[in-house]
Amino acid sequence: MKSLEELTRPNIWSLAPYSSARNEYAGREARVFLDANENPYNQPFNRYPDPLQLELKEAIAKVKGVPAENIFLGNGSDEAIDLPYRCFCNPGIDNVVAIEPTYGMYKVCADINDVEYRPVLLDERYQVTAEKLLAATDAHTKLIWLCTPNNPTGNCLKREEVIKVIEGFEGLVIVDEAYSDFSSQKTLRSELPKYPNLIVLNTMSKAWGCAAIRLGMAFASKEIIDIFNKVKYPYNVNQLTQQQALEALKDPYEVDNWVKILLQERTRMMDAFEMLPICEKVYPTEANFFLAKMTDATRIYNYLVDQGIIVRNRNKVQLCQNCLRITIGTKTENSELVAALRQYK
């Protein structure tokens, strides 16, 4: 791995971060707050939230098994996806490599930040070799994006190939594990001490059922987290989000139960799809969704919309022609989808 100073944009490395009112007295007790031009009325919503979300990070650390100093929290995972571009990629000069197909925000953020995006096509089993990914890099490649379980394909990338990429690349490897709670594969965040160039993403939106509060996570070395904290907006995670996340984290066993139910429903739904005459193939998955190749994905999708049922049409995505992506819902919702498809003509 190159040194972090070599990988970081020079202006970011030398950046003096904004010092908020809450940062300046951190660690000391205070009773009277006359520093931040806040309105003294309408408590508790009149005060700015903790800019570093320290209480929440401690709670997440206990659940995720990662020290609080190695955690960055953002306004959804999208902030954690955008920050590496802003911190490490020089616009118009540097590039990133990613698997294809995968989550679309990696490319959107590349385009916004004027960074060349180099997709590497997966094979027919939705896998890729480290050799193929590394061959797409050059001296200006700063990031490699890997999503596992992958979206929209649902499968996990081979762990040995992911490790080869991490060990063989001089830049930063970002592994998005948004769907890891539904997978049997061991999460890579436990490997952070071993790999200083590894960043692992996670979210409260999927297994934790908290998509509405917009809380994304990045796990990385303290040095990388410190750079993220320099660049992020001062109060990027609002107080309501922090409070609701703390509440959710009090009962991780309920989440485990949700996951168990969803995995059972996933098996039932995949079996049901395999029996449908209009379904040609159901792809293996380790997420809370699966990809199904249909006889005419767009026509079937439009039919379902008319029935008030929304799935994801992935027909125009590379390697996903005529495919629908089906999220696992409640047993009632799932049964309604299957019933509608059985009546399709």
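Which residues gather in a patch of positive charge on the surface? The points below take this up in a predicted model.

1. The charged patch. Arg125, Lys158, Lys281 and Lys293 make up the patch of positive charge, and it lies on the surface.

2. Lys293. This lysine belongs to strand β9, which covers residues 289–294. Its relative accessible area is 30%, so Lys293 is partly exposed. The partly exposed class lies between the buried limit of under 20% and the exposed limit of over 50%.

3. The sheet. Strand β9 is part of an open sheet of four strands. The order is β8-β9-β11-β10. Pairing is antiparallel. The edges are held by β8 (279–282) and β10 (312–313). Each of these has a single partner strand, so one side of each lacks a neighbour in the sheet.

4. β10 pairs with strand β11, residues 323–327. Two bridges join them, in the antiparallel sense. Asn313 faces Leu324 of β11 across this pairing.

5. Val282 sits in strand β8. Its relative accessibility is 12%, so Val282 counts as buried. The cut-off for buried is under 20%.

6. Val282 and Lys293. Eleven residues separate the two in sequence. In space, their C-alpha atoms are 6.4 Å apart. Val282 is buried, whereas Lys293 is partly exposed. Val282 lies in β8 and Lys293 in β9; these strands are adjacent in the sheet order.

Technical notes: Residues are numbered from 1 along each chain as its sequence is written. This is a predicted model: local features need pLDDT of at least 70, side-chain atom pairs count only at pLDDT 80 or more; totals for chains, interfaces and linings use all residues. Side-chain values use heavy atoms; hydrogens and water are left out. Patches are made of residues with over 30% relative accessible area and no salt bridge: like charges are joined within 9 Å, nonpolar side chains (Val, Leu, Ile, Met, Phe, Trp, Tyr) within 5 Å. Accessible areas come from the Shrake-Rupley method with a 1.4 Å probe; for residues, only the protein chains shown count as cover. A salt bridge is a side-chain nitrogen of Lys or Arg within 4 Å of a carboxyl oxygen of Asp or Glu. Lys and Arg count as positive and Asp and Glu as negative; His and the chain ends are not counted. The place of a charge is taken as NZ of Lys, CZ of Arg, CG of Asp or CD of Glu. Buried means under 20% relative accessible area, exposed over 50%, partly exposed in between (1.4 Å probe, protein chains only). Two strands pair if DSSP finds at least two bridges between them.
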